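Work through the exercises below with the model open. Each task is followed by its solution.

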Amino acid sequence: MEDVLVQSEYEIERGKPMPSKNHSIIQKRLIVLLENEYGNQFEIMPEINLDQPNNRDRVPDIGIFPPQAFVPDEDEIRMAQTPLGLIEILSPKQDITELLSKCSEYFKSGVRSYWLVLPALRTIYVFRAANDYDVYAKQDQLRDENLDIEISLAKVFK
């Protein structure tokens, strides 16, 4: 008998697996670090629905955009502006191949930087292009040259 995988409403709506506790902790730490250090340069936006050219909804864990104005009577359900950078955090039930495929798709749409976070290995891959990346682990100082961002992995994976 084959196992039947039942997707939650969250997984169906966002097209990605349910995040875990560690996923959530890492996502929060990255948002706080980026906001504290680069909040004047960028708008750090979690779980934003992107309007992709192929009409596929994409909801990355974190989007890095140019500064945005908060205008109460003007809102977007699907963000039309291409982000400068995106961060995806691998969930326990997620296939890394899926995230690498998204990486290529994002660069084709104009994203300048893509981070792939592997919490279990305390590692972040920083992509400059679909097949060009640097790997940072454990206590390294991450350096994203395309966005001119530096953060301490010791603070991310503490």
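Buried means under 20% relative accessible area, exposed over 50%, and partly exposed in between (1.4 Å probe, protein chains only). The model is predicted: local features need pLDDT of at least 70, side-chain atom pairs count only at pLDDT 80 or more, and totals for chains, interfaces and linings use all residues. Numbering runs from 1 along each chain as its sequence is written, and side-chain values use heavy atoms, with hydrogens and water left out.

**Exercise 1.** Describe the pairing of arginine 78 and its setting.

Step 1. Take the criterion: a salt bridge puts a side-chain nitrogen of Lys or Arg within 4 Å of a carboxyl oxygen of Asp or Glu.
Step 2. Arginine 78 meets aspartate 51 in such a bridge, at 2.8 Å from N to O.
Step 3. Aspartate 51 sits in strand S2 (residues 50–51), and arginine 78 in the loop between strand S4 (62–65) and strand S5 (85–89). They are 27 residues apart, so the pair links distant parts of the chain. Strands are DSSP runs of E, at least two residues; helices are runs of H or I, at least four; both are numbered from the N terminus.
Step 4. Arginine 78 is partly exposed at 30%; aspartate 51 is partly exposed at 34%.

**Exercise 2.** Is lysine 102 buried or exposed, and which side chain does it meet in a salt bridge?

Step 1. Lysine 102 has 3% relative accessibility, so it is buried.
Step 2. The lysine 102 side chain meets glutamate 98 at 3.7 Å, N to O.
Step 3. Both lie in helix H3 (residues 96–108), four residues apart, about one turn of the helix.
Step 4. Glutamate 98 is partly exposed, at 28%.
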